[in-house]
Each structure stands twice: as C-alpha cells, then as structure tokens.
Amino acid sequence: MEELLRRSEKLTTVGQLAAGVAHEIRNPLTTLRGFLQLQLQSKALNLSHVTLMLSELDRINLIVGEFLILAKPQATKFVTKDVRDVLQDVLRFLDSEAHLHNIVFRTVITEEPCLISCEENQLKQVFINLLKNGIEAMPQGGPIHISIQKKGSSIAISITDEGVGIPEEMISKIGDPFFTGKETGTGLGIMVSQRIIHSHQGTLDIQSQVNVGTSVKVTLPALKGEGKGDILESEGHRQGS
Ligand code: ADP
Ligand code: MG
C-alpha cells in the first residue's frame, strides 16, 4: 500500500510533467540556437555543426513522440485480444533489431488462451519499451527470456534479460519522468509503460541485480475466454474475492 501511494504521489500532476518536458526540450533548443547563431556569424555552413543540430532535433522529436503516447487518452479503444498474439507481433517486429545486437528471444508461452481487454498499440508500446531496455542492457548481446503464464484470473508476462542490471540505489528512481542511466536515454520508457499498464488495471514490477540481469513482470487481468482457462479463472476469482 505504501508503495502504491508513493507511486501515485510521484507520478502526480500534468503540470509537473509539462514542466519536465519543457525543461528537457529547452536544452537541445538552446544548443540548436547556439549553433545556428554560429552559422550566421561565420556565414559558412559547418557540416559537423549541422550534424549536431540534426541530432538535437532528433532528441526533441523523440521526447515529444514519447509524450504523444500519453497525450491522447480519449482516442483509446479497448478491444479483446489474446496477449500472446500481441507479444508475438512485437517480437516479430523487433526481430531484426535483436538480431543486429546478437540478442535472442527465448520464449515460454502458455497453451491456454490469454484474453485481455487492451488498447493494442499502447500495450505493444509497453512491450517494445521493455524489450528495448533489455537489448540496451546487453551491449554484447545475449538472451532475453520472455514468458506468459495464466495464473487464476490474471496473466503474468515477464521479460528477463541477463544484462548490466540496476544498482540498488537507482531502483526507486526508475519510472520517475526523465530519470535515465543512459547517455542518450529519455528516461520516459518505464514511466509511460507504468501508466499504460495501470490504465489496464495491471501492475508492473521490476527486479534487478547488478551484472546478473533485470526482470520486469507485467500482470494484467484476464478476461473469460474459450478453453480450459475458463475453469481456472473462475476458481481463482472466487478465492480472491
Ligand atoms: P531510458 O531507456 O530512455 O533511459 P527508461 O524509462 O526506459 O528510460 O529506463 C530508465 C532507466 O532504467 C534506464 O536508463 C536504465 O538505467 C534503467 N533500466 C531500465 N530497464 C533496464 C534493464 N532492463 N536493465 C538495466 N537497466 C535498466
Ligand atoms: Mg528505455
């Protein structure tokens, strides 16, 4: 309960977020302005400056892009999906990226239907964010273990890497807007993911050990669906309520 309260306090108002965005965008804007001024003074185009300006623009674009995901909650449409299909789509989408970084996806996926109510693109965004963090945590490559299990009335999806891990003193800051341990990180991926999972009535937990790896567990409420999962689910529900 205390943890819940802490989270709700820390991801507070839109205003706080807006201030953060403004701050994060002002830095690259200042750099851009400085370089543009230089171009003007020297009256010649300096290509390395132009390259820098482009990368600052890309950064602004990245930050704004991540916020757009949060900015249109009215447009969301919840539909019934099997989370196994949603995750498999994402794995297929990230396959070449993974291959490029010597990453292999190892999956253990239940045979039972795993129906949930979800905003499909948002949920995909969560899986992409988590898998990308896993890939980035293993610069030399390695396996990412992905499992989907049905447990009573909920579905557990876990994504576990064997990467650098998160130092203990950092773990409570993960999910704070703009908190990043990376040079070019935005520090928005986990925050956005948490918000999306909470809007799906689910939970997102992170466990990590330095130089061993990180495991992110997402749980989502299961919908009643076809197959033997039905029996399990209703039993779990009765016990839980
Ligand atoms: P970003 O990836 O842009 O830095 P995130 O919100 O996705 O932002 O992650 C915040 C920070 O949490 C990362 O910079 C990293 O330090 C830490 N982190 C998240 N996932 C992992 C992981 N799988 N392994 C190691 N560190 C992680
Ligand atoms: Mg990230």
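**Figure 1. Phe178 in the loop between α6 (168-171) and α7.** In this predicted model, the phi of Phe178 is near 70°, a positive value in a residue other than glycine. Is Phe178 buried or exposed? Phe178 has a relative accessible area of 16% and therefore counts as buried, the cut-off being under 20%.

**Figure 2. Asn102 in the loop between α4 and β2 (103-109).** Asn102 is not a glycine, yet its phi is positive, at about 60°. The residue lies just after α4. Because its relative accessibility is 57%, Asn102 counts as exposed, for which the cut-off is over 50%.

**Figure 3. Helix α4 (residues 83-100) and its kink.** The kink amounts to about 50° and is centred on Leu94. The 18 residues of α4 should span 26 Å at 1.5 Å a residue, and the end C-alpha atoms are 26 Å apart, so the two values agree. Leu94 is also one of the buried residues of α4. An α-helix has 3.6 residues a turn, so residues three or four places apart point the same way.

**Figure 4. Helix α5 (residues 120-137) and its buried residues.** From its first C-alpha to its last, α5 reaches 26 Å with 18 residues, close to the 26 Å expected at 1.5 Å a residue. The buried residues of α5 include Leu123, Val126, Phe127, Leu130 and Leu131.

**Figure 5. Packing of α5 against helix α7 (residues 189-199).** The two helices pack at an angle of about 145°, and their axes are 9 Å apart. The crossing of α5 past α7 is left-handed. On the α5 side, the contact is made by Gln122, Leu123, Gln125, Val126, Asn129, Leu130 and Asn133. On the α7 side, it is made by Gly189, Ile190, Val192, Ser193, Ile196, Ile197 and Ser199. How many residues of this contact are nonpolar, polar and charged? Seven are nonpolar, seven are polar and none is charged.

Figure 6. Of its 241 residues, 41% count as buried. Among contacts with a separation of 6 or more, 73% are between residues 24 or more positions apart.

Methods. Residues are numbered from 1 along each chain as its sequence is written. Chains are lettered from A and ligands numbered from 1 in the order in which they are written. This is a predicted model: local features need pLDDT of at least 70, side-chain atom pairs count only at pLDDT 80 or more; totals for chains, interfaces and linings use all residues. Side-chain values use heavy atoms; hydrogens and water are left out. Axes are lines fitted to C-alpha atoms, for helices over the stretch in contact, and angles run from 0 to 180 degrees between N-to-C directions. Helices (H or I, at least four residues) and strands (E, at least two) are DSSP runs, numbered from the N terminus. A crossing is left-handed if the near helix is turned anticlockwise from the far one by less than a right angle, and right-handed if clockwise. Contact means heavy atoms within 4.5 Å. Ala, Val, Leu, Ile, Met, Phe, Trp, Tyr, Cys and Pro count as nonpolar, Asp, Glu, Lys and Arg as charged, and the others, Gly among them, as polar. The expected span of a helix is 1.5 Å times one less than its number of residues. The bend at a residue is the angle between axes fitted to the seven residues ending there and the seven starting there. Buried means under 20% relative accessible area, exposed over 50%, partly exposed in between (1.4 Å probe, protein chains only).
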